[in-house]
There are 4 protein chains.
Amino acid sequence: MSDFAPDNPDFEAFVRASFRRQGFMAHLGAELTKVAPGRTEIRVPYDRRLTQQHGFFHGGVMATVADVAAGYAGNSLMAAEDSVLTVEFKINIVAPGEGEALIARGEVIRPGRTLTVTRADVFVLKAGREKLCATALQTLMRMAGKAERSDNGQA
Amino acid sequence: MSDFAPDNPDFEAFVRASFRRQGFMAHLGAELTKVAPGRTEIRVPYDRRLTQQHGFFHGGVMATVADVAAGYAGNSLMAAEDSVLTVEFKINIVAPGEGEALIARGEVIRPGRTLTVTRADVFVLKAGREKLCATALQTLMRMAGKAERSDNGQA
Amino acid sequence: MSDFAPDNPDFEAFVRASFRRQGFMAHLGAELTKVAPGRTEIRVPYDRRLTQQHGFFHGGVMATVADVAAGYAGNSLMAAEDSVLTVEFKINIVAPGEGEALIARGEVIRPGRTLTVTRADVFVLKAGREKLCATALQTLMRMAGKAERSDNGQA
Amino acid sequence: MSDFAPDNPDFEAFVRASFRRQGFMAHLGAELTKVAPGRTEIRVPYDRRLTQQHGFFHGGVMATVADVAAGYAGNSLMAAEDSVLTVEFKINIVAPGEGEALIARGEVIRPGRTLTVTRADVFVLKAGREKLCATALQTLMRMAGKAERSDNGQA
């Protein structure tokens, strides 16, 4: 779970370009705050439009940033001509998303030729302190040789 | 998985009022299209702001509507003085979200005093035909006697 | 989720032969009671050696039969030269396994070239009545062209 | 995920006594090799009776020891008059269970009054080296004031 070597020396530019193509990331106000080999971080400032019925961050926002942070953690290790699909993920919500921002950190557990297993923790930032609010475990599928723009495929 | 009796005769108004308090549902353009005892349906029209990098519905949107549809399926069976929290869910994405709208259908598998297990299927509507794009399995926790507005609690 | 056409006309013999090679199935006293295209059923009679601390069927036995029933449901649709691996599964335990036998029923949700998504319900039989005790959602990977005996591979 | 204080000073004896009451642990040849506050370890030597169709450890054995290791990690933090139920878990199998023994390590992610979230990693020992073969994420429910022998309850 520690050090991975990326296949693509331009992995950061590759991940950032893909992130920018996700209309939903802009709609959430999400920012990709870190990209390292096998690790990424996403941050979403609080906004009333992102809330559940109590005014806290919606669980769907937690799930989305967990999915995306873990997905790009996996994607960061792949070749430029590959793309990646989320096969499935599970998320446990362990505390309400009450605070100024969500921070999701994704990391690769086990990279694979076809499937990569990743995880993410989601923290809520409140008065400058991070508190774990969700944890997720994800499976990704590599679409080898299907660069992103032309990939309409499915598993 | 079929017929459940709601504790609250006004379950539909109760669920609809809670849904309206979720800022994130408006931000997604989501509509609560059906509410029955132990079952709900949510619909989200396609919008560029809801997409992943290929221009299809984002997996995070699928996860959100699965979570909410299944959550309100559970909530529809509870008393007016109860509120509900998502403990966890798992989602398998089985096809790309390519189409004009997402339709999520949630249903209760097993209601319980403390925990309720639910599921949801998410379909994408394309040229008038529904295609399964995701399926989810969820655990909910009932917060007995904590009506929604005053509940800041956690599991 | 209903009718699937098997690639292998001898799917039942194929599944039964693989089941017999699983030493753990004999150790559990498990029997493969039904094999249909995309569906299987497994039954395990109660035995003190299969219990948790209260004397009921262990959750690990429920998980095992859910995994195997869903796995062979997927396998039943594949070619004779393919083998299958469980990528992951999630199980919700909704009632104690108190009774004379466990019955697991697996079915395919969506077959795929590489990945197949399946589900299983586990029932406990008590005084002749079935009660749902667990439900599971699973991802399988097809190892194309790797017949079972020679497959040491991984995802 | 680091240091937890147990409610029960005799947590180790409590966990070991419960483990011994699980008939299935003896049937697997499983040994509880470590018990610490919020952490446990289980070991299962290889046996032909624990295998899948390729002669490796069965995924159901991995799932069982992940469930039990994570479950007792949670249980170790509870009072003597509490018991614990597995609500659900998800497991990703990332490598075949090919080796001399399985070692499952469970730990608490977030303890709670009603629900506790835990995780486990499962390693296979081959020629003296540990290799990750599965990782799991679990939800537990505390049955407060229901000591183990009298608890027939469910969620």
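## Two helices crossing

Let's begin where chains C and D meet. Helix H3 (residues 59-75) of chain C and helix H3 (residues 59-75) of chain D have axes that come within 8 Å and cross at roughly 145°. The crossing of H3(C) and H3(D) is right-handed. Please keep in mind that this is a predicted model.

Which residues make the contact? On H3(C) they are C:Gly59, C:Gly60, C:Ala63, C:Thr64, C:Asp67 and C:Val68, and on H3(D) they are D:Gly59, D:Gly60, D:Ala63, D:Thr64, D:Asp67 and D:Val68. Sorted by class, the contact of H3(C) with H3(D) has 6 polar, 4 nonpolar and 2 charged residues.

## Where chain A touches chain B

Chain A and chain B each bring 35 residues to their contact. On the chain A side, at least two residues come from each of helix H1 (11-21), helix H2 (23-28), helix H3 (59-75) and S3. S3(A) gives the most, with 8 residues. The chain A side of this contact divides into 16 polar, 11 nonpolar and 8 charged residues.

S3(A) also pairs with strand S3 (residues 83-93) of chain B, in the antiparallel sense and over 5 bridges. Within this pairing, A:Lys90 has B:Lys90 in S3(B) as its bridge partner.

## Where chain A touches chain D

The contact between chain A and chain D takes 10 residues from each chain. On the chain A side, strand S3 (83-93), strand S4 (101-110) and strand S6 (129-143) each supply at least two residues. S6(A) gives the most here, with 4 residues. By class, the side of chain A that touches chain D has 5 nonpolar, 3 polar and 2 charged residues.

Notes: Residues numbered from 1 in each chain as written. Chains lettered and ligands numbered in written order. Predicted model: local features only at pLDDT ≥ 70, side-chain atom pairs only at ≥ 80, totals over all residues. Contact = placed C-beta atoms within 7 Å. Nonpolar A, V, L, I, M, F, W, Y, C, P; charged D, E, K, R; others polar. Axes fitted to C-alpha atoms, helices over the stretch in contact; angles between N-to-C directions. Left-handed = near helix turned anticlockwise from the far one by under 90°. Pairing = 2+ DSSP bridges.
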